[in-house]
Protein chains: 2
Amino acid sequence: MLKLYQFFSSGNCYKIRLLLTQLEIPFESVELNILKGETRTPEFLSKNPNGRIPVLETQSGQFIAESNAILFYLSEGTDFLPKDNFEKAKVLQWLFFEQYSHEPFIATSRFWISILGKAEEYRDALNQKREPGYAALDVMEKHLTNNDFFVGERYTIADIGLFAYTHVADEGGFDLTKFPAINGWIERVKSQPRHISITQS
Amino acid sequence: MLKLYQFFSSGNCYKIRLLLTQLEIPFESVELNILKGETRTPEFLSKNPNGRIPVLETQSGQFIAESNAILFYLSEGTDFLPKDNFEKAKVLQWLFFEQYSHEPFIATSRFWISILGKAEEYRDALNQKREPGYAALDVMEKHLTNNDFFVGERYTIADIGLFAYTHVADEGGFDLTKFPAINGWIERVKSQPRHISITQS
């Protein structure tokens with residue numbers, strides 16, 4: 001059985017739970033507390049030298065790190081990833097956008113405010129995250145004004161990757177009420193078969 | 001003919017020039033000066049709403065952004081990307097590592113010091129980039145101590161993606177002399193057929 005090493009509140013880990021559930025693939029969950037350094041132990045570093053969750057252990061005992069690489073691994077050959085080479089590259093474009101232009105601002109703000117509960121302590125750093133975070137939401141809003149989903153007009157791992165931290169952006173202090181197209185897309189994602197929320201295992 | 005929108009000194013753009021050259025695919029280059037805002041014009045934003053280079057225009061006039069998504073698009077079906085699903089996911093793991101844990105520290109430091117020439121002005125920000133930048137190099141060094149390349153013991157786009165900014169990390173103030181395994185790998189990458197340097201078009 002697949003094994004998912006995860007910290008439950010992490011949106012990056014939720015991405016994998018959501019896809020595995022929608023693919024109806026059973027998996028074992030191993031919960032690690034990143035707040036207690038449990039991903040920096042020698043044992044975990046032998047699984048992912050970069051010391052980050054999620055990590056997926058395959059049935060043959062091999063390890064894959066980086067949430068969006070895991071999404072790709074699990075979805076190739078399924079309806080969640082286009083078969084066409086160009087569309088597959090567009091899915092990856094949005095997943096790299098998510099990790100470079102979105103997650104470091106929106107997820108990090110949520111972590112400081114809602115996971116650590118230290119909004120005051122991180123106030124200056126939070127202020128620096130606002131402009132690039134809203135810029136990422138603007139790019140999404142522009143795309144979703146003309147498209148129902150990110151690639152090929154259907155639900156793919158590009159949507160899963162971007163949904164994870166976008167739909168809880170308010171927990172990072174971002175006001176989503178100004179983004180009608182994003183809100184419409186959030187409802188479309190939530191209405192997909194076998195959708196689970198970020199608080200469900 | 002493929003068209004590459006690029007800023008020549010960018011390592012992200014060099015990745016694409018290097019792969020296209022090694023694949024012996026001819027392309028037209030469109031140079032944009034990011035220092036003059038040429039990637040923030042309405043015309044360019046219609047190609048990539050995120051306003052970043054590189055962007056690849058396909059022969060049918062479609063656009064792909066994000067350097068590592070472009071690497072994937074160009075290499076699928078070639079010797080530069082494994083066909084095996086697990087190995088392909090490992091290539092993506094390292095490319096996401098590059099964009100999340102490496103480029104924001106090492107490439108950004110090089111940009112401030114060697115492209116903008118403003119090391120003094122950015123001194124505090126540069127200091128913040130040192131620890132995570134060296135942490136990324138440590139992860140690479142550990143892997144390369146036991147492996148000749150990043151995935152499958154042969155040269156792939158994972159190596160191209162990580163080579164681009166690693167081999168010029170000294171231009172961002174990082175001391176590479178402490179990383180013997182990385183230096184050995186740099187020489188192996190440079191000895192690949194049809195290799196071009198970052199200053200070659």
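## Surface and charge of chain A

In this predicted model, chain A exposes about 8400 Å², and carbon and sulfur atoms supply 48% of that area. The side chains of chain A include 21 positive and 26 negative ones, and the centres of these two sets lie 2 Å apart.

## Overall form

Chain A is built from seven helices and four strands, which follow one another from the N terminus in the order β-α-β-α-β-β-α-α-α-α-α. Along the principal axes, the C-alpha atoms of this chain fill a box of roughly 45 × 45 × 25 Å.

A compact globule of 201 residues would have a radius of gyration near 17 Å, and because chain A has 17 Å, its value agrees with that expectation. Buried residues make up 57% of the 201 residues in the chain. When the contacts in chain A between residues at least 6 apart in sequence are considered, 69% of them join residues at least 24 apart.

## The largest nonpolar core

The largest nonpolar core has 112 residues, and those with the most contacts inside it are Leu74(A), Trp185(A), Leu74(B) and Trp185(B). Helix α4 of chain A, which covers residues 85-115, gives the most to this core, contributing 10 residues.

Leu74(B) can also be described through its partners: once its neighbours within four places in sequence are left aside, Leu74(B) is in contact with Leu2(B), Ile16(B), Leu19(B), Leu20(B), Leu23(B) and Leu56(B).

Conventions. Residues numbered from 1 in each chain as written. Chains lettered and ligands numbered in written order. Predicted model: local features only at pLDDT ≥ 70, side-chain atom pairs only at ≥ 80, totals over all residues. Heavy atoms only, no water. Core = buried A, V, L, I, M, F, W, Y, C linked by side-chain atoms within 4.5 Å. Buried < 20%, exposed > 50% of the residue type's maximum accessible area, 1.4 Å probe, protein only. Helix = DSSP H or I, 4+ residues; strand = E, 2+ residues; numbered from the N terminus. Contact = heavy atoms within 4.5 Å. Rg over C-alpha atoms; globule rule 2.2 N^0.38 Å. Areas by Shrake-Rupley, 256 points an atom, 1.4 Å probe, with all protein chains shown as cover. Lys, Arg positive; Asp, Glu negative; His and termini not counted. Charge placed at Lys NZ, Arg CZ, Asp CG, Glu CD.
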